[in-house]
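Let's walk through this model together, one region at a time. Please keep the sequence and the 3D view open as you read.

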Amino acid sequence: MRKYLVSEILDDYVYDNKYYGEKVQEVEQLNYEIKTALERYQGLIETMPENQDLKKQIEVLVKRQIAEEEQLGKLLEKKRKAEEIINLVGQPHKTVLYYHYMQGKTFEEIACMFRYSRKRIYQLHTEGMEAITSKYIAINQ
């Protein structure tokens, strides 16, 4: 029994480490995208014709920024909800679901990453989805 408990603890660590490693990369990518967006806005201000009214130029920029922030907010809310749902299950199901739904990886790619068969990844996905479904229904009743 202890052998399985230790194995389970180690497996959880391996999966969580890979999961959170991806999260760190995701945050770094978001930081890069924010920096790029700021540089783009600065470039827009510099290239606007001087004969236009400055107030109108600023209004256009503010409207664009608000629209982009609203779209980003909706996307982040969807992502938060998806991650919340995925976190209802434990490892290894959480990692399989995360890579498939959040990272867009195919079952074949996930199988190669963990040196599992594609069939095993399908099984983990199915088990994870069944567990999520039952937990989600129980929570939202």
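Helix α2 gives the most to the lining of the largest pocket, with seven residues. Helices here (H or I, at least four residues) are DSSP runs numbered from the N terminus, as strands (E, at least two) would be. A pocket is found on a 1 Å grid over the protein atoms alone, as an open set of points where a 1.4 Å probe fits, with protein on both sides within 12 Å along at least five of seven lines; lining residues have an atom within 4 Å of a point. Before going further, please note that this is a predicted model, in which local features need pLDDT of at least 70 and side-chain atom pairs count only at pLDDT 80 or more, while totals for chains, interfaces and linings use all residues. Residues are numbered from 1 along each chain as its sequence is written, and side-chain values use heavy atoms, with hydrogens and water left out.

Back at the pocket, the lining has 13 residues, and those nearest the centre are Leu 30, Glu 33, Ile 34, Ala 37 and Leu 72. Both α1 (2-47) and α2 (54-86) supply at least two residues of this lining. The space in the largest pocket comes to about 420 Å³, a volume being the space filled by probe spheres set on the grid points, which are joined across faces, edges and corners.

Now step back to the whole chain. It has five helices and zero strands, in the order α-α-α-α-α along the sequence. Of its 141 residues, 22% are buried; buried means under 20% relative accessible area, exposed over 50%, and partly exposed in between (1.4 Å probe, protein chains only). Among contacts (heavy atoms within 4.5 Å) with a separation of 6 or more, 57% join residues 24 or more positions apart.

Where do the buried nonpolar side chains come together? The largest nonpolar core has 15 residues, and the most contacts inside it belong to Ile 86, Val 96, Leu 97, Tyr 98, Tyr 99, Ile 110 and Ile 121. Such a core is a set of buried Ala, Val, Leu, Ile, Met, Phe, Trp, Tyr and Cys residues joined through side-chain atoms within 4.5 Å. Two or more residues come from each of α3 (93-102), α4 (107-114) and α5 (118-139), and α3 gives the most, with five. Helix α3 is itself mostly covered, with eight of its ten residues buried: His 93, Lys 94, Thr 95, Val 96, Leu 97, Tyr 98, Tyr 99 and Met 102. Just after α3, Gly 104 takes a positive phi of about 70°.

Leaving out residues up to four places away in sequence, Ile 86 touches Lys 94, Leu 97, Tyr 98, Tyr 101, Met 102 and Ile 132. Val 89 sits in the loop between α2 and α3 and is buried, because its relative accessible area is 7%. Beyond its neighbours within four places, Val 89 is in contact with Lys 94, Leu 97, Gly 128, Ala 131, Ile 132 and Lys 135. The C-alpha atoms of Val 89 and Ala 131 are 6.7 Å apart, although 42 residues separate the pair along the chain.

Finally, look at the charged pairs. Side chains of opposite charge can pair when their charged atoms come close. With a salt bridge taken as a side-chain nitrogen of Lys or Arg within 4 Å of a carboxyl oxygen of Asp or Glu, the count is three. Arg 118 pairs with Glu 108, with the closest N and O atoms 3.3 Å apart. Arg 118 lies in α5 and Glu 108 in α4, so this bridge ties together parts ten residues apart in sequence. Arg 118 counts as partly exposed at 44% relative accessibility, as does Glu 108 at 34%.

Glu 84 and Lys 81 form another bridge, at 3.6 Å between the closest N and O atoms. Both lie in α2, three residues apart, about one turn of the helix. An α-helix has 3.6 residues a turn, so residues three or four places apart point the same way. Glu 127 and Arg 120 also meet in a salt bridge, at 3.9 Å from N to O.
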